[in-house]
Amino acid sequence: MPRCSVLLVDLPSYSVPITSPYRELLERRLKAEAILRKQRLGFALTRPSLSYSRGLLLIAAYLEQKGHRVQYLMYSDLKDARKFASLCAEADVIGFTAMTPVVQQVYALCGQAKVLNPSAL
């Protein structure tokens, strides 16, 4: 099986205000997860305030184990839009994950990806 260059794009959904004491509990949990992730993976997430898709990260890990080259992009601002354009150009396969509130943005990005790289799946 030929090895592919895969781009996985994660779009965070909107923020929901969390009231106290739940906010503090969530903050403690996120800090604990960050520590465990650094211990287990050997690196820290560059933008820990964003919610990363565990499912997409699991897919990325599996694809890497199978020898594919995987790029993971958290798409949340204009800087990410520029990076998305350059990564699309070199990808054989492009996958997205998103929650319902941002699905229209995903549709738009799918169209943009097809324009940037018509041969990508």
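1. Let's start with helix H1, which covers residues 22–41. Its 20 residues reach 28 Å from the first C-alpha to the last, close to the 28 Å expected at 1.5 Å a residue; the expected span is 1.5 Å times one less than the number of residues. Glycine 42 follows H1, and its phi is positive, near 85 degrees. Helices here are DSSP runs of H or I with at least four residues, strands are runs of E with at least two, and both are numbered from the N terminus.

2. A word on what you're looking at. This is a predicted model, in which local features need pLDDT of at least 70 and side-chain atom pairs count only at pLDDT 80 or more, while totals for chains, interfaces and linings use all residues. Residues are numbered from 1 along each chain as its sequence is written, and side-chain values use heavy atoms, with hydrogens and water left out.

3. Now the sheet. It is open, with 3 strands in the order E2-E1-E3 and parallel pairing; two strands pair if DSSP finds at least two bridges between them. Strand E2 (69–74) and strand E3 (93–97) are the edge strands, each pairing on one side only. From one strand to the next, the twist averages 20 degrees. As a reminder, strands of a sheet pair through backbone hydrogen bonds, either parallel or antiparallel.

4. For the pairing in detail, look at strand E1 (residues 5–10), which pairs with E3 in the parallel sense over 5 bridges. Valine 6 stands opposite valine 93 in E3, and aspartate 10 has threonine 97 of E3 as its bridge partner. E1 and E2 also run parallel, joined by 6 bridges, and here leucine 8 is partnered with tyrosine 72 in E2.

5. E1 is mostly covered, with 6 of its 6 residues buried. Buried means under 20% relative accessible area, exposed over 50%, and partly exposed in between, using a 1.4 Å probe and protein chains only. Ser5, Leu7 and Val9 are buried on one side of E1, and Val6, Leu8 and Asp10 are buried on the other. In a regular strand the side chains alternate between the two faces of the sheet.

6. Leaving aside residues up to four places away in sequence, leucine 8 touches Leu56, Ile59, Ala60, Val70, Gln71, Tyr72, Leu73 and Gly95, where contact means heavy atoms within 4.5 Å. The C-alpha atoms of leucine 8 and alanine 91 are 9.6 Å apart, although 83 residues separate the two along the chain.

7. Next, helix H3 (residues 78–90) lies across E1, E2 and E3, running at about 160 degrees to E2. Axes are lines fitted to C-alpha atoms, for helices over the stretch in contact, and angles run from 0 to 180 degrees between N-to-C directions. The buried residues of H3 are Asp80, Phe84, Leu87 and Cys88. They sit on the same side of H3 because they cover an arc of only 105 degrees around the axis, the arc being that of the directions from the helix axis to the C-beta atoms. Their cover includes E1, E2, E3 and helix H4 (103–116). On the other side of H3, Leu78, Lys79, Arg82 and Ala89 are exposed.

8. Finally, the cysteines. The structure holds 0 disulfides, a disulfide being a pair of cysteine sulfur atoms within 2.5 Å. The sulfur of cysteine 88 has its closest cysteine sulfur in cysteine 110, 9.4 Å away and so too far for a bond. Cysteine 88 is buried at 0% relative accessible area, while cysteine 4 is partly exposed at 25%.
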